Amino acid sequence: MSIVLMSDPRVAAIPVAENGEPLADVRAGGDLLLDDSRSDPAYSFAHLRSGVLDRLREAQLLLPDGLRLLIVEGFRPPALQQRYFEEYAAELRAAHGDWPAEELRAQASRYVSPPEIAPHSAGAAVDLTLVDADGAELDMGTRVNASPEESRGRCYTLADGLSPGARLHRATLSRALTAAGLVNYPTEWWHWSFGDRYWALMTGKPEALYGPAAQHSDLS
(Lines give C-alpha, C1' and ligand atoms only; values in the text may rest on other atoms or scores of the structure.)
Protein backbone atom coordinates (compact mmCIF):
# COMPACT_ATOMS: atom_id res chain seq x y z
CA MET A 1 0.00 0.00 0.00
CA SER A 2 1.46 3.34 -1.04
CA ILE A 3 2.01 6.13 1.48
CA VAL A 4 -0.15 9.23 1.18
CA LEU A 5 2.19 12.20 1.57
CA MET A 6 1.25 15.57 3.05
CA SER A 7 1.69 17.11 -0.39
CA ASP A 8 -1.07 14.92 -1.86
CA PRO A 9 -3.86 17.16 -3.25
CA ARG A 10 -6.40 15.04 -1.39
CA VAL A 11 -5.04 16.36 1.92
CA ALA A 12 -5.36 20.02 0.93
CA ALA A 13 -8.84 19.34 -0.44
CA ILE A 14 -10.21 18.43 2.99
CA PRO A 15 -12.28 21.37 4.30
CA VAL A 16 -11.72 22.71 7.81
CA ALA A 17 -14.63 23.24 10.20
CA GLU A 18 -12.61 25.04 12.88
CA ASN A 19 -14.06 24.24 16.30
CA GLY A 20 -12.18 26.99 18.13
CA GLU A 21 -10.67 24.64 20.67
CA PRO A 22 -7.82 26.42 22.48
CA LEU A 23 -4.20 25.47 22.67
CA ALA A 24 -3.42 23.92 26.05
CA ASP A 25 -0.13 23.53 27.89
CA VAL A 26 1.28 19.99 27.89
CA ARG A 27 2.76 20.69 31.32
CA ALA A 28 -0.61 21.33 32.96
CA GLY A 29 -1.51 18.48 35.27
CA GLY A 30 2.02 17.11 35.38
CA ASP A 31 1.05 13.73 33.94
CA LEU A 32 2.79 14.08 30.56
CA LEU A 33 6.56 14.36 30.23
CA LEU A 34 8.01 17.14 28.09
CA ASP A 35 11.42 17.27 26.42
CA ASP A 36 12.28 20.95 26.67
CA SER A 37 15.25 20.83 24.28
CA ARG A 38 13.20 22.84 21.76
CA SER A 39 12.49 25.52 24.33
CA ASP A 40 11.52 28.95 23.02
CA PRO A 41 10.53 32.07 24.99
CA ALA A 42 6.81 31.41 24.58
CA TYR A 43 7.12 27.62 24.98
CA SER A 44 5.03 27.33 21.81
CA PHE A 45 6.21 23.75 21.26
CA ALA A 46 4.70 22.73 24.62
CA HIS A 47 1.13 23.43 23.49
CA LEU A 48 -1.48 21.33 21.69
CA ARG A 49 -5.20 21.52 21.13
CA SER A 50 -6.95 20.36 24.27
CA GLY A 51 -8.62 17.49 22.42
CA VAL A 52 -5.23 16.18 21.31
CA LEU A 53 -3.93 16.37 24.88
CA ASP A 54 -6.94 14.43 26.13
CA ARG A 55 -6.13 11.64 23.69
CA LEU A 56 -2.47 11.58 24.63
CA ARG A 57 -3.43 11.11 28.25
CA GLU A 58 -5.71 8.27 27.20
CA ALA A 59 -2.90 6.70 25.17
CA GLN A 60 -0.51 6.91 28.09
CA LEU A 61 -2.90 4.89 30.22
CA LEU A 62 -2.86 2.19 27.54
CA LEU A 63 0.92 1.74 27.64
CA PRO A 64 2.51 -1.22 29.45
CA ASP A 65 3.52 -0.57 33.05
CA GLY A 66 6.75 1.38 33.35
CA LEU A 67 6.49 3.17 30.00
CA ARG A 68 5.52 6.79 29.42
CA LEU A 69 5.15 9.18 26.52
CA LEU A 70 7.77 11.89 26.07
CA ILE A 71 6.43 14.90 24.18
CA VAL A 72 9.08 16.50 21.95
CA GLU A 73 7.11 19.09 19.95
CA GLY A 74 3.50 20.14 19.60
CA PHE A 75 2.39 23.49 18.19
CA ARG A 76 4.71 25.04 15.62
CA PRO A 77 4.08 28.68 14.60
CA PRO A 78 3.37 29.04 10.86
CA ALA A 79 6.47 31.16 10.25
CA LEU A 80 8.67 28.46 11.75
CA GLN A 81 6.91 25.78 9.71
CA GLN A 82 7.57 27.84 6.56
CA ARG A 83 11.25 28.15 7.47
CA TYR A 84 11.66 24.43 8.12
CA PHE A 85 9.98 23.54 4.81
CA GLU A 86 12.05 25.99 2.77
CA GLU A 87 15.31 24.89 4.40
CA TYR A 88 14.71 21.20 3.74
CA ALA A 89 13.48 21.86 0.20
CA ALA A 90 16.68 23.82 -0.43
CA GLU A 91 18.78 20.86 0.76
CA LEU A 92 16.94 18.54 -1.60
CA ARG A 93 17.20 21.02 -4.48
CA ALA A 94 20.96 21.21 -4.00
CA ALA A 95 21.26 17.43 -4.07
CA HIS A 96 18.72 16.80 -6.85
CA GLY A 97 18.84 19.73 -9.24
CA ASP A 98 17.04 17.72 -11.92
CA TRP A 99 13.86 17.25 -9.87
CA PRO A 100 10.85 19.21 -11.16
CA ALA A 101 9.06 21.47 -8.68
CA GLU A 102 6.26 18.94 -8.07
CA GLU A 103 8.72 16.17 -7.24
CA LEU A 104 10.70 18.47 -4.97
CA ARG A 105 7.56 19.42 -3.06
CA ALA A 106 6.51 15.78 -2.69
CA GLN A 107 9.93 14.65 -1.49
CA ALA A 108 10.19 17.56 0.95
CA SER A 109 6.79 16.65 2.38
CA ARG A 110 8.13 13.27 3.52
CA TYR A 111 9.86 15.16 6.33
CA VAL A 112 8.32 18.64 6.61
CA SER A 113 4.70 19.35 5.82
CA PRO A 114 3.84 22.09 3.31
CA PRO A 115 3.08 25.13 5.48
CA GLU A 116 -0.47 25.67 4.25
CA ILE A 117 -1.72 22.31 5.57
CA ALA A 118 0.79 21.64 8.37
CA PRO A 119 -0.73 19.68 11.29
CA HIS A 120 1.79 21.14 13.74
CA SER A 121 0.66 24.69 12.94
CA ALA A 122 -2.90 23.63 13.70
CA GLY A 123 -1.85 22.44 17.15
CA ALA A 124 -3.07 19.03 16.00
CA ALA A 125 0.22 17.13 15.68
CA VAL A 126 2.73 15.92 18.21
CA ASP A 127 6.22 14.49 17.88
CA LEU A 128 6.90 12.03 20.67
CA THR A 129 8.66 8.90 21.80
CA LEU A 130 8.67 6.39 24.65
CA VAL A 131 10.70 6.44 27.86
CA ASP A 132 11.12 3.91 30.64
CA ALA A 133 10.46 4.38 34.35
CA ASP A 134 13.82 6.15 34.73
CA GLY A 135 13.07 8.59 31.92
CA ALA A 136 15.50 6.99 29.47
CA GLU A 137 14.36 6.96 25.85
CA LEU A 138 13.70 3.53 24.37
CA ASP A 139 15.40 2.34 21.20
CA MET A 140 13.03 3.29 18.37
CA GLY A 141 15.46 2.64 15.52
CA THR A 142 16.29 6.30 14.90
CA ARG A 143 16.28 9.51 16.86
CA VAL A 144 13.16 11.65 16.79
CA ASN A 145 13.26 13.95 13.73
CA ALA A 146 15.85 11.92 11.82
CA SER A 147 15.49 12.79 8.14
CA PRO A 148 15.06 10.10 5.47
CA GLU A 149 18.60 10.84 4.29
CA GLU A 150 20.18 10.68 7.75
CA SER A 151 18.31 7.51 8.73
CA ARG A 152 18.51 5.83 5.32
CA GLY A 153 14.75 5.49 5.39
CA ARG A 154 14.53 3.94 8.84
CA CYS A 155 12.48 6.94 9.97
CA TYR A 156 9.57 5.36 8.08
CA THR A 157 7.30 3.75 10.66
CA LEU A 158 7.32 0.31 9.01
CA ALA A 159 10.88 0.49 7.69
CA ASP A 160 12.93 -2.61 7.07
CA GLY A 161 16.21 -3.19 8.86
CA LEU A 162 15.06 -2.33 12.38
CA SER A 163 16.19 -4.32 15.39
CA PRO A 164 13.54 -6.52 17.02
CA GLY A 165 13.53 -4.19 20.02
CA ALA A 166 12.98 -1.05 17.98
CA ARG A 167 10.20 -2.71 15.99
CA LEU A 168 8.52 -3.82 19.22
CA HIS A 169 8.76 -0.34 20.72
CA ARG A 170 7.27 1.26 17.62
CA ALA A 171 4.42 -1.24 17.67
CA THR A 172 3.78 -0.52 21.37
CA LEU A 173 3.64 3.21 20.68
CA SER A 174 1.40 2.73 17.67
CA ARG A 175 -1.10 0.51 19.47
CA ALA A 176 -1.65 3.00 22.27
CA LEU A 177 -1.90 6.09 20.08
CA THR A 178 -4.11 4.43 17.47
CA ALA A 179 -6.46 3.18 20.17
CA ALA A 180 -6.72 6.76 21.46
CA GLY A 181 -7.79 8.01 18.03
CA LEU A 182 -4.57 9.50 16.63
CA VAL A 183 -3.08 8.73 13.22
CA ASN A 184 0.56 8.35 12.25
CA TYR A 185 2.37 9.97 9.34
CA PRO A 186 4.04 6.86 7.91
CA THR A 187 7.31 8.55 6.95
CA GLU A 188 7.91 9.61 10.58
CA TRP A 189 7.36 7.07 13.33
CA TRP A 190 7.26 9.87 15.93
CA HIS A 191 4.61 12.08 14.26
CA TRP A 192 0.99 11.57 15.32
CA SER A 193 -2.05 13.80 14.92
CA PHE A 194 -5.73 14.23 15.60
CA GLY A 195 -8.26 16.63 14.09
CA ASP A 196 -6.15 17.94 11.17
CA ARG A 197 -6.66 17.43 7.45
CA TYR A 198 -4.37 14.41 7.25
CA TRP A 199 -6.23 12.76 10.12
CA ALA A 200 -9.54 13.47 8.40
CA LEU A 201 -8.38 11.91 5.12
CA MET A 202 -6.93 8.84 6.81
CA THR A 203 -10.03 8.23 8.94
CA GLY A 204 -12.61 9.02 6.28
CA LYS A 205 -13.95 12.11 8.03
CA PRO A 206 -15.55 14.75 5.78
CA GLU A 207 -13.74 17.68 7.38
CA ALA A 208 -10.92 18.62 9.72
CA LEU A 209 -11.59 20.00 13.19
CA TYR A 210 -8.57 22.30 13.39
CA GLY A 211 -7.05 24.91 11.09
CA PRO A 212 -4.03 27.14 11.83
CA ALA A 213 -4.01 27.62 15.59
CA ALA A 214 -2.31 30.98 15.98
CA GLN A 215 -5.55 32.93 16.11
CA HIS A 216 -6.72 30.82 19.04
CA SER A 217 -3.75 31.61 21.27
CA ASP A 218 -1.52 34.48 22.25
CA LEU A 219 1.45 32.32 21.27
CA SER A 220 3.45 33.52 18.32
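## Aromatic pairs

Phe194, Trp199 and Tyr210 make up one aromatic cluster in this predicted model. Rings of Phe, Tyr and Trp (its six-membered ring) are paired if their centres lie within 6.5 Å; planes under 30 degrees apart are stacked, over 60 edge-to-face, and the rest tilted. The structure holds six aromatic pairs. Tyrosine 43 and phenylalanine 45 form a tilted one, with 5.1 Å centre to centre and 35 degrees between the planes.

Phenylalanine 45 counts as buried because its relative accessibility is 2% (buried: under 20% relative accessible area; exposed: over 50%; partly exposed: in between; 1.4 Å probe, protein chains only).

## Helices H3 and H4

The axes of H3 (residues 78-95) and H4 (residues 101-108) come within 9 Å and cross at roughly 120 degrees. H3 is therefore oblique to H4 (under 35 degrees is roughly parallel, over 145 roughly antiparallel, 65 to 115 roughly perpendicular, the rest oblique).

On the H3 side, Phe85, Tyr88, Ala89, Leu92 and Arg93 meet Leu104, Arg105, Gln107 and Ala108 of H4, where contact means heavy atoms within 4.5 Å. By class, this contact has six nonpolar, one polar and two charged residues.

## Glutamine 107

Glutamine 107 lies in H4 and, at 18% relative accessibility, counts as buried. Apart from neighbours within four places in sequence, glutamine 107 is in contact with Tyr88, Leu92 and Trp99.

## Basis

Residues are numbered from 1 along each chain as its sequence is written. Local features need pLDDT of at least 70 and side-chain atom pairs count only at pLDDT 80 or more, while totals for chains, interfaces and linings use all residues; side-chain values use heavy atoms, leaving out hydrogens and water.

Technical notes:
Axes fitted to C-alpha atoms, helices over the stretch in contact; angles between N-to-C directions. Helix = DSSP H or I, 4+ residues; strand = E, 2+ residues; numbered from the N terminus. Nonpolar A, V, L, I, M, F, W, Y, C, P; charged D, E, K, R; others polar.
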